[in-house]
Amino acid sequence: PTTAAAYAAMAAKLRERARGTKLISWGSIAGMDDKHLAYADVCAFHAYPAWYPTTRPADLKVVQEIPLIWSTFAEWVRDTYPEKPFLITEAGAGGLFGHKGSSDVKWTEEYQSLVMQMHFLSV
């Protein structure tokens, strides 16, 4: 409840300052569990499927599920907040410049490219 009041107050203050010229939003890492998206004008999400935690080996099954993950988020926004747009604000995977290798090994440019291609296919 205290957090909800803080988000509501922050959004109200930002709307007052913006005087209708800006949309109010933030990149949520809580996903569909974010109870405060009701106070935003846009439902925006940060998610890194197939990347975090970086210490786990790559899981190509999760890589293949990236479009489904984003479509699930989009469908949830349509159902829960039909008047609000859906926005992917952060996604991806890291790669070390020049680190070549298999596309199923984290930190290689090939794995980073594969994960990013799956995110791009999602939009």
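Over how many bridges do strand 2 and strand 3 pair, and in the parallel or the antiparallel sense? Strand 2 (residues 43–46) and strand 3 pair in the parallel sense, over four bridges.

The model is predicted: local features need pLDDT of at least 70, side-chain atom pairs count only at pLDDT 80 or more, and totals for chains, interfaces and linings use all residues. Residues are numbered from 1 along each chain as its sequence is written, and side-chain values use heavy atoms, with hydrogens and water left out.

**View 1**
Two strands pair if DSSP finds at least two bridges between them. Helices (H or I, at least four residues) and strands (E, at least two) are DSSP runs, numbered from the N terminus. Ala44 stands opposite Leu87 in strand 3.

**View 1**
Contact means heavy atoms within 4.5 Å.

**View 1. Lys84 is buried yet has no salt bridge.**
Lys84 sits in the loop between helix 2 (60–80) and strand 3 (86–90). Buried means under 20% relative accessible area, exposed over 50%, and partly exposed in between (1.4 Å probe, protein chains only). A salt bridge needs a side-chain nitrogen of Lys or Arg within 4 Å of a carboxyl oxygen of Asp or Glu. For Lys84, the nearest side chain of opposite charge is Glu83, 4.5 Å away. Lys and Arg count as positive, Asp and Glu as negative; His and the chain ends are not counted. The Lys84 side chain does reach the backbone oxygen of Ala40, at 2.6 Å. Leaving aside neighbours within four places in sequence, Lys84 contacts several residues, among them Leu37, Tyr39, Asp41 and Val77.

**View 2. Asp41 forms a salt bridge with Arg15.**
The closest N and O atoms are 2.7 Å apart. The pair links distant parts of the chain, 26 residues apart: Asp41 lies in the loop between strand 1 and strand 2, Arg15 in helix 1 (residues 2–18). Asp41 is partly exposed at 23% relative accessibility. Arg15 is partly exposed too, at 33%. The whole structure holds three salt bridges.

**View 3. Glu65 forms a salt bridge with Lys61.**
Here the closest N and O atoms are 3.9 Å apart. Glu65 and Lys61 are separated by about one helical turn, because they are four residues apart in helix 2. Glu65 is partly exposed at 30% relative accessibility, whereas Lys61 is exposed at 56%.

**View 4. Glu109 forms a salt bridge with Lys100.**
Glu109 is in helix 3 (residues 109–122). A polar contact of 2.4 Å joins the two side chains. Such a contact is a pair of N or O atoms within 3.5 Å; within protein, one must be able to donate a hydrogen and the other to accept it, and residues adjacent in sequence count only if both atoms are side-chain atoms. Glu109 is buried at 19% relative accessible area, while Lys100 is exposed at 55%. Beyond four places in sequence, Glu109 contacts Leu96, Phe97, Gly98, His99 and Lys100.
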